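Load the model in your viewer and keep the selection tool at hand. The stops below can be followed in order.

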Amino acid sequence: MTAPVADMAQAVRTVREAVRRHSVRFERAIPLIASENLLSPYAKELLISDFHSRYAEGVPGERYYEGNEQVDEVENLCLDLARRLFGASFADVRPISGTVANLAILKALADPGDPVGTCRLADGAHISSAAFGAFGLRAVKPVYYGWDLDRMTIDVEKTRTILKEARPRLCLFGLSLFLFPLPIRELAATLDEIGAVGWYDGAHVLGLIAGGEFQDPLREGCRVISGSTHKTLPGPQHGILLGDRLAPEQEKRLRSGAFPGVTSNHHLHTMAALAVSLAEHLAFGAAYARATIANAQALAQALHERGFDVLAPNLGFTRSHTTAVRVTREGGGEAVARRLAAVDIITNKNLLPGNTSSKHPDGIRLGTPEVTRVGMGKAEMVRIAELMDGLLHRDRAPATIAEEVHELKRPFTTLRYCFAEGEAAYRYYDLVGRDP
Ligand SMILES: *Cc1c(COP(=O)(O)O)cnc(C)c1O
């Protein structure tokens with residue numbers, strides 16, 4: 001099958017032009033997706049390095065292909081930095097995403113048919129723990145914890161009873177709407193009593209944990225952590241496994257869960273970018289984590305003061321990078337997220353506790369990782385709340401709001417909390433130059 005060269009050159013131009021328009025839009029926008037972040041210049045340049053073109057199956061020093069000397073050097077350093085950043089005795093940086101890391105753990109530490117503890121999707125759990133997600137793929141049976149609506153976290157007493165009854169081998173703690181730390185310390189004795197391994201999915205909060213600003217799951221009773229490396233940890237799209245107090249047999253099973261369980265090659269260019277991001281987080285992560293959480297709290301407070309139904313006002317709204325708003329009065333999560341996107345405030349509709357329809361949920365989720373990374377602070381959070389209030393409560397013209405969004409963003413398009421601070425955050429890399 002061949003096609004005319006001119007048509008295919010047009011296809012290439014179309015892709016380049018769409019990516020350029022996307023980059024320009026995000027440079028002008030206020031992205032508030034809680035799971036997104038920006039990559040530092042030193043990490044980003046590795047994505048187009050020759051590492052991208054290579055294979056390195058196995059572990060450093062025991063590869064199946066030749067030519068991996070420098071890959072091994074980088075991967076060993078990446079593993080050292082990961083263990084150091086999280087105070088972990090075990091790390092594996094081969095899972096290529098958070099979901100893939102979760103599958104590696106399910107393969108290593110559970111068998112089909114096993115009960116595995118988790119939260120419900122409506123209480124904030126990730127699709128990994130759904131029947132149509134990773135849990136279903138491994139055919140494990142979810143055992144749902146109790147949820148305390150007033151405290152927006154796991155209900156310890158109810159969950160102790162549930163765990164003693166169902167006796168899962170593996171207990172997952174982790175959320176995608178992650179406002180408050182989970183009571184792992186309180187449940188640790190129960191996990192020991194039933195012989196369950198505590199597993200923390202830190203996809204959303206790894207950067208906060210590493211910065212010392214959230215709970216420390218390996219010290220509180222979990223033995224293994226999975227996560228994405230591109231949310232509050234501002235690294236490349238990749239995954240990670242971390243562990244402590246694991247038996248040698250468990251470490252071996254986790255390694256083989258990662259490879260050959262759920263990967264063959266493991267995306268060496270993103271692994272190298274991860275090594276840089278881990279080093280940068282060791283240097284700058286504590287300040288970044290503090291600022292990210294302070295911004296989430298300031299945004300929540302400012303929205304609350306403007307009549308938005310921000311969740312958990314009695315608890316200070318949030319202790320993470322995320323805040324959640326019930327927007328039933330403003331038209332529901334779907335309509336509100338669309339209206340905000342039309343003025344370049346980028347959010348997502350989100351299930352809130354008690355919701356059943358993920359297509360028409362009551363909430364929107366707002367995250368501050370990206371706006372913090374470009375240097376925004378409390379004054380800008382208040383301004384974002386004003387713009388949302390103007391659009392959703394005061395009927396101000398969307399075109400005017402959009403202009404004010406772009407105005408607010410204009411001084412904030414370079415990176416902070418990394419080496420080469422001040423470099424462009426959203427630059428469109430014009431690699432080849434001319435269009436074909
Ligand atoms: C985002 C997320 C994941 C999945 O991460 P990907 O890297 O997108 O595969 C897993 N678990 C939780 C709790 C998440 O929020």
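What follows is a tour of selections in a predicted model, starting at the ligand.

**Stop 1: the ligand**

Select the ligand and the residues around it. Of the 13 residues there, the ones that come nearest are Gly 98, Thr 99, Ser 176, Asp 201 and Lys 231. Then go to Lys 231, where an N or O atom of the side chain is 3.0 Å from an oxygen atom of the ligand. Taken alone the ligand exposes 380 Å², and the protein buries 87% of that.

**Stop 2: His 204**

Select His 204, which is in the loop between β10 (197–201) and α8. Is His 204 buried or exposed? His 204 has a relative accessible area of 1%, so it counts as buried. Now show its contacts, leaving out neighbours within four places in sequence: they are Ala 34, Ser 35, Leu 175, Ser 176, Lys 231, Thr 232, His 321 and Arg 365. Two of the names, Ser 176 and Lys 231, were also among the residues that come nearest to the ligand.

**Stop 3**

Select residues 224–228, which make up strand β11. How many of its residues are buried? The count is 5 of 5. In a regular strand the side chains alternate between the two faces of the sheet. In β11, Val 224, Ser 226 and Ser 228 point one way, while Ile 225 and Gly 227 point the other way.

β10 pairs with β11 in the parallel sense over 3 bridges, and Trp 199 stands opposite Val 224. β12 pairs with β11 in the antiparallel sense over 5 bridges; there the bridge partner of Ile 225 is Leu 242.

**Stop 4: helix α3**

Select residues 69–86, helix α3.

Colour the buried residues of α3: Val 71, Asp 72, Glu 75, Cys 78, Leu 79, Leu 81, Ala 82, Leu 85 and Phe 86. An α-helix has 3.6 residues a turn, so residues three or four places apart point the same way. The buried residues of α3 pack against β3 (62–63), β4 (90–92), α8 (206–210), α9 (217–220), β12 (239–243) and α11 (268–305). β12 in this list is the strand that pairs with β11. Just after α3, Gly 87 takes a positive phi of about 55°.

**Stop 5: an open antiparallel sheet**

Select the 4 strands that form an open sheet in the order β13-β14-β17-β16, with antiparallel pairing. Which strands stand at the edges? They are β13 (309–310) and β16 (348–350); each has a single partner strand, so one side of each is left without a neighbour in the sheet. Inside this order, β14 (residues 322–326) and β17 (residues 363–367) pair over 5 bridges. Ala 324 stands opposite Arg 365 of β17, and Arg 365 is one of the contacts of His 204.

**Stop 6: backbone exceptions**

Most residues other than glycine have a negative phi, and most peptide bonds are trans. The next selections depart from that pattern.

- Arg 167 has a positive phi of about 45°. Its place is in the loop between α6 (156–166) and β9 (170–173), and at 46% relative accessibility it counts as partly exposed.
- Tyr 417 has a positive phi near 60° and is found in the segment after α15 (398–409).
- Phe 259 and Pro 260 are joined by a cis peptide bond, with omega about 5°. Pro 260 is in helix α10 (residues 248–262).

**Stop 7: Lys 44**

Finally, select Lys 44 in helix α2 (residues 41–46). At 26% relative accessibility Lys 44 counts as partly exposed.

Notes:
Residues are numbered from 1 along each chain as its sequence is written. This is a predicted model: local features need pLDDT of at least 70, side-chain atom pairs count only at pLDDT 80 or more; totals for chains, interfaces and linings use all residues. Side-chain values use heavy atoms; hydrogens and water are left out. Helices (H or I, at least four residues) and strands (E, at least two) are DSSP runs, numbered from the N terminus. The expected span of a helix is 1.5 Å times one less than its number of residues. Buried means under 20% relative accessible area, exposed over 50%, partly exposed in between (1.4 Å probe, protein chains only). Contact means heavy atoms within 4.5 Å. A residue is near a molecule or strand if one of its heavy atoms lies within 4 Å of it. A polar contact is a pair of N or O atoms within 3.5 Å; within protein, one must be able to donate a hydrogen and the other to accept it, and residues adjacent in sequence count only if both atoms are side-chain atoms. Accessible areas come from the Shrake-Rupley method with a 1.4 Å probe; for residues, only the protein chains shown count as cover. Two strands pair if DSSP finds at least two bridges between them.
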